[in-house]
Amino acid sequence: MKRQKRVAAIHDISCFGRCSLTVALPIISSAGIECAVVPTAVLSTHTGGIDGYTFHDLTDEIMPIAKHWKSLDLEFDAIYTGYLGSFHQLDIVSSLFDLLGSNDTLKVVDPVMADNGVLYKSFPADFPKGMRKLCAKADIIVPNITEAVLMLDEPYQEGPYTADYIETLLRKLGEIGAKQVVLTGVHFDDKQLGAAAYDCETGEVEYSFAGWIEGYYHGTGDVFGSALVAALLRGFDLPEATEEAVRFTVGSIARTKAAGTDIRFGVNFESGLEELATRLNIKTR
Ligand code: PXL
């Protein structure tokens, strides 16, 4: 039997609301991949539209956890980062990449900080500059369109977009330094929504779309990123992994919409895990 793949997922724990680690851990595990976690903070809920949340910062725990793992000679096939709450955390996670990453470690950075044209209110206006620096150390970055334009210091434009606009964005994102880019929130009309997978070396772009479901459902970026990481480690190439992540995310949104759940409570990804596991286990490398 092949050695089981191992991911280090570095996100906060939002105790309620299905995002960050409460999403990454089950999704990655369901694909048969070991998921070690570095919790960067504990919040009672995420910060997206829910007031009064508690927040306990764990920045000072990050390097001690990483150093202990290093002393155990643990190796990671991927390091996957999401919501990081401060410039200090960005710097620490950058050091963690150096400490725990090897040439064989896939570094996936989802620059979680904004959506729908606006920076989350917990971040200062210059935060995208710091996130851009971390993205430069990644192999794959997974921004949405808002995060992309903020890192490129460009104005946000509402969709629908043209292929020319998206591919120009992808090329500029490629110049940040990662080898591959997955841009989410891509739409050329109001019927389909999806993602573009871009290989910076070959310049190849592949799109994956699914039927558009109205409404802004919280945590979908983390569902998408986690499924993407899981598929990549199961041996899917970037366009294939992007397609799996789009399918899984849209399925999760559709179930949530059908149930009439509060959009702030995250999406029902749980009921899709069995199908995801079946689809991803088809390929093993
Ligand atoms: O899903 C992204 C996310 C993760 N963690 C926290 C958040 C958000 C988005 O608002 O607030 C704490």
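A: A residue counts as buried when its relative accessible area is under 20%, as exposed when that area is over 50%, and as partly exposed in between. With this scale in mind, the salt bridges may be taken in turn. The model is a predicted one, and it holds nine salt bridges.

One of them joins the side chains of Arg-279 and Glu-244, with 2.7 Å from N to O. Because Arg-279 belongs to helix H9 and Glu-244 to helix H8, this pair ties together parts that lie 35 residues apart in sequence. Glu-244 has a relative accessibility of 8% and therefore counts as buried, whereas Arg-279, at 26%, is partly exposed.

Another salt bridge connects the side chains of Glu-270 and Arg-18, at 3.1 Å from N to O. Glu-270 sits in the loop between helix H8 (238-259) and helix H9 (273-280), while Arg-18 sits in the loop between strand S1 (6-16) and helix H1 (21-30), so the contact ties together parts 252 residues apart in sequence. Glu-270 is partly exposed, with a relative accessibility of 37%.

A further salt bridge brings together the side chains of Asp-98 and Lys-137, at 3.0 Å from N to O. Asp-98 is found in helix H3 (residues 87-100) and Lys-137 in the loop between helix H4 (127-135) and S8; the two are 39 residues apart, and the pair links distant parts of the chain. Asp-98 is exposed, at a relative accessible area of 54%, and Lys-137 is partly exposed, at 30%.

Note on methods. Residues numbered from 1 in each chain as written. Predicted model: local features only at pLDDT ≥ 70, side-chain atom pairs only at ≥ 80, totals over all residues. Heavy atoms only, no water. Salt bridge = Lys/Arg side-chain N within 4 Å of Asp/Glu carboxyl O. Helix = DSSP H or I, 4+ residues; strand = E, 2+ residues; numbered from the N terminus. Buried < 20%, exposed > 50% of the residue type's maximum accessible area, 1.4 Å probe, protein only.
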